[in-house]
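Subject: Structure handover

Hello,

Here is the structure I promised to pass on. My notes follow below it.

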Amino acid sequence: MTTTPFAIDPQALHQTLTDTLGPLAKRVELALGEVSVLVTPENYLKAAAMLRDAPGCQFEQLVDLCGVDYSEYRNGAWDGPRYAVVVHLLSVSLNQRVRLKVFAADDELPVVDSLMNVWASVNWFEREAFDLFGIVFEGHPDLRRILTDYGFIGHPFRKDFPVSGEVEMRYDPERQRVIYQPVTIEPREITPRIIREDNYGLRN
């Protein structure tokens, strides 16, 4: 009878990843009991394959991939690239997890390699990041929008995307079809309603 191993010590995993990836890793961090690996776009694909195959790593499953827009962090504390791709990996056999992060080199056209040849489960995750953030995954065999409508303009998870969108659609009875037109909703600032009661929070 086999038993599921206990989760590996994060410090030991940190050391294993540091030794295994070597110069492929720009940085390996341990914070709050979680290990994160930062790589450059050039080493992204190689590092991912090594995390899957190397002894002591064996991250067989890609659990999630998402995009991040760092544009609002540029207030003096952050001056790096705007777009990042974050991947969460799971090793079932060793009962351990790691976060893999890569920044796209070009803010105007963010491009990173696709991980389709490493983990096939990344298919829809990469399509989602492409749709919502406009991050292009080079080598993806079917990189199409997955959540927004045909003809959608822009990428709705970018920080500079307007809350009301770029266009709206409505049914035109004269043309007898759905048409797209510029947004007619006036932008407004929503202020939460504040209710104040006399002696609120005070004991009688």
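Cys57 counts as buried, because its relative accessibility is 0%. Cys66 counts as partly exposed, because its value is 27%. (Buried means under 20% relative accessible area, exposed over 50%, partly exposed in between, with a 1.4 Å probe and protein chains only.) The whole structure holds 0 disulfides, a disulfide being a pair of cysteine sulfur atoms within 2.5 Å.

Please note that this is a predicted model: local features need pLDDT of at least 70, side-chain atom pairs count only at pLDDT 80 or more, and totals for chains, interfaces and linings use all residues. Residues are numbered from 1 along each chain as its sequence is written, and side-chain values use heavy atoms, leaving out hydrogens and water.

Next, the core. The largest nonpolar core has 37 residues. Such a core is a set of buried Ala, Val, Leu, Ile, Met, Phe, Trp, Tyr and Cys residues joined through side-chain atoms within 4.5 Å. Leu17, Val37, Tyr44, Val85 and Val87 touch the most other members. Beyond four places in sequence, Tyr44 has contacts (heavy atoms within 4.5 Å) that include Val39, Leu65, Leu100 and Asp113.

Last, Met169. Met169 sits in strand E8, residues 167–172. (Strands are DSSP runs of E, at least two residues, numbered from the N terminus.) Tyr180 is 11 residues from Met169 in sequence, yet their C-alpha atoms are 4.3 Å apart. Neighbours within four places aside, Met169 is in contact with Asp149, Val178, Ile179 and Tyr180.

Best wishes

Key. Helices (H or I, at least four residues) and strands (E, at least two) are DSSP runs, numbered from the N terminus.
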